[in-house]
Amino acid sequence: MKKKLIALMMCLAMVMMPMLAACGGGNSGDSGDSGDSGDAAMKVGLICLHDENSTYDNNFLASFEESCKKMGVEPVIKKNVPEGQECYDAAGEMVDAGCKLIISDSFGHAGFMLQAAKDNPDVQFVSCTGDNALVAKQDNFHNAFASIYEGRYLAGVAAGMKLNEMIEKGDITAEQAKMGYAGAFTYAEVVSGYTSFYLGAKSVCPSVTMDVTFTGSWYDETAEKEAANKLIQGGCVLISQHADSMGAPTACEEAGVPDVSYNGSTKSAAPNTYIISSRINWSPFYEYAIQAVQNGETMGSDWTGNLETGSVELTELNEDVAAEGTAAKLEEVEAGLKDGSIHVFDTSTFTVDGKNLDSYKADVEADEAYEHETEVISDGYFHESEYRSAPYFDLQIDGINLLDTNFG
Amino acid sequence: MDKQKKEPLIHITKRKEISKKHEWAIRLGSILIALVVCAIITTITTHLNPISVYATMIDGSFGSERKIWALLKELSILLMVSVALAPAFKMKFWNLGGGGQVMAGVLATATCMITLDEKLSNGMLIFVSLIAALIAGALWAFIPAFCKAKWNTNETLFTLMMNYVATQIVAYYIIIWETPKGSGKIGIINPNTNAGWLPTVAGKQYLLPVLISIAVTIFMYIYLRYSKQGYELSVVGESQNTAKYVGINVGKVIIRTLILCGLICGLTGWLLVAGTDHTMTTTLEAGRGFLGVMVAWLAHFNPLGMVLSGLLMVFMSRGGGEISTAFGLNKSFGDILTGVILFFVIGSEFFINYQVHFRKSHRKEAADV
């Protein structure tokens, strides 16, 4: 018995030895948030709803560290922070750690970020994709978004080109040019996204129609995969998605159906079906916000990035899958969007219940009244993301068929 | 050479009794071994120094005043759910519906805060929402208890299903009250007037929930240990026939115990909405109804012991979050460490209840001579 005990102790000692040695090496002090000394770099916090496994959060994370490095500030990142009091606590911990600017990446964080802003007036808070800063009128609380509908429109053009190619080859007839779209929720943000995608495709392939289904979650790999499979079985010949897992791209790869992705390239997972993807590049915003705080300038309460600022981007075009001439066409349309000769929501290109619109009031002020108070159609187009960065296009246009709705 | 009857390598016997000292030695020993296993996993998979990983976990839970308060708040809420479940489980009524009962309280509180905020004074609103939450929680527990007592329905399935019913009703009302329209979220309730929000005690935002949970825990300790009702429910748990024989009305005890359980869960829901989060989401309860079962079971349904087992859970979750922040690790890594530690802690219960005997090696004995 004694021998066994000694043997056990020896084993333990051998396991513990390298750990103790490493500890003696002197890098045990790097944990935790020690108080910031005078000349230490400014700290900037980022609160994420999920982690790198979500394409959405990954899109925030990837450019954040890069931007922080470029601007000479120290990043503090908290991942998997739910949209609840945890967000307020996380923001509080970041304030304690010395952060001067704190950014959150999910819509549902907004209320808790606002609460934290009220309690910490010396720190700037930004709720990305939030829509409540204009109404809240809290000096140190801001919203930011980008006119991603422009990127989706461009991605839609690439999809339309692909459909035309399929029609020309005789794979499908013009009437069979039906796309499928797997969205998360039936919110303005998603409605604006799928409508711009559809209009982009329609601008090159007039006979296109689209089925839309909703998963009821921003991140549910199984549901997104099922949604894509359902659309494919329903006769959709091209798929796009607005949800954050790899569900739809992998379903498309398995079924051999072309996919227009979102948040970043999914070519590595779907080399034979990925066409292109649109994404928001947050770097221009990060750099703008960090610089404003560094210089002690006031930030705008509601920031909207676009193609010009480099906030809206297309990722690599997969030449193996995309139709011929797509790259050139995209360049042409992008130039048109930039110089204002093309508008995504041009009212002459779509109808609602068979009629063209010349007036629409949207709910821009995100208050408790839910009034559709702001006229958003003028000069022949719907002015999306101009009166507020967060999308407010919530019209159901003809040609798009909602298979279901999901408001959460 | 006479054939000896082959003795098995290992055989296990149930321990008759074990001293408290011995019991705790096994528990602490298992945690130590768990820490060593976690250290090995950490070193192999991340090449990080496990000691600094552990230090970071401690820092994540206790590193600053705010972190300690956040830990205490989490512990209080989890503890209340666990304490609420304890009497039911002690009675061998498998109440898996703690989550649903909390959500019933959440819904009642949010309803009062949203619909009555302009009709009542703030004090009155808090009082009314408390009563509503208590009734809602109790009702949610009463329904399965009544069916069990009356028709002997399966309480495990019943309470489990009641969770989904509660969540779906909450989802329905979120759509009705969402701000802004179309967002699918209620956001913070009464953000400007703070109507129906619990007052801050002594300048500490989370002190009130902590105090309430301490009171509830002490109450439950006394109730289970010293009250007649507490004794009755443990008799029902041991054997329903014995209970009937000594004249205990089993149905009454079941219903009474579950109403108590529902009251505490309703109170927890009230604290979540009016006290800490000030919002209503379908995930506000965050799985505590199930986690609470484990906390209660690990502590053998002793409310004071649940403080320790609850602390372990909250510590692991907050510490796990901190290591992912400090070292840029995926949150799953914290979950892996939590899983390993729980495996050993739960495993230690086996060694407390049973003794393992190894076969004596005859060859070695011969060599020793």
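**What the labels rest on**

Mentor: Keep in mind that this is a predicted model.

Trainee: What is the phi of Phe301(B), which is not a glycine?
Mentor: Phi of Phe301(B) is positive too, about 65 degrees. Most residues other than glycine have a negative phi.

Trainee: Where does Phe301(B) sit, and why does it count as buried?
Mentor: Phe301(B) is in the loop between H11 and H12 of chain B. The cut-off for buried is 20 or more C-beta neighbours within 10 Å. Phe301(B) has 22 inside 10 Å, so it counts as buried.

Trainee: Why is Asn190(B) called partly exposed, then?
Mentor: Exposed needs 12 or fewer neighbours and buried needs 20 or more, with partly exposed in between. Asn190(B) has 17 C-beta neighbours inside 10 Å, so partly exposed is the label. Asn190(B) lies in the loop between H6 and H7 of chain B, and its phi is positive, near 50 degrees.

Trainee: Back to H11(B): which of its residues are buried?
Mentor: In H11(B), residues 288-298, the buried ones are Arg288(B), Gly289(B), Gly292(B), Val293(B), Val295(B), Ala296(B) and Leu298(B). Residues three or four places apart in an α-helix point the same way, because there are 3.6 residues a turn.

Trainee: What covers those buried residues of H11(B)?
Mentor: The cover includes helices H3 (65-90), H4 (98-115), H6 (155-177), H12 (303-327) and H13 (331-353) of chain B.

Trainee: Over to chain A. How many helices and strands does it have?
Mentor: Chain A has eleven helices and 17 strands. It runs to 408 residues, 51% of which count as buried.

Trainee: What is the strand order in the open sheet of six strands in chain A?
Mentor: The order is S2-S1-S3-S4-S5-S11, and the pairing is parallel.

Trainee: What makes S2(A) and S11(A) the edge strands?
Mentor: S2 (74-78) and S11 (302-305) of chain A each pair on one side only, and that puts them at the edges. From one strand to the next, the twist averages 20 degrees.

Trainee: What about S3(A) and its pairing with S1(A) and S4(A)?
Mentor: S3(A) and S1(A) pair in the parallel sense over five bridges, with Ile47(A) opposite Ser104(A). S3(A) and S4(A) have four bridges, again parallel, and there Leu101(A) faces Gln124(A).

Trainee: What makes S3(A) "mostly covered"?
Mentor: Five of the six residues in S3(A) are buried.

Technical notes. Residues numbered from 1 in each chain as written. Chains lettered and ligands numbered in written order. Predicted model: local features only at pLDDT ≥ 70, side-chain atom pairs only at ≥ 80, totals over all residues. Helix = DSSP H or I, 4+ residues; strand = E, 2+ residues; numbered from the N terminus. Contact = placed C-beta atoms within 7 Å. Pairing = 2+ DSSP bridges. Axes fitted to C-alpha atoms, helices over the stretch in contact; angles between N-to-C directions.
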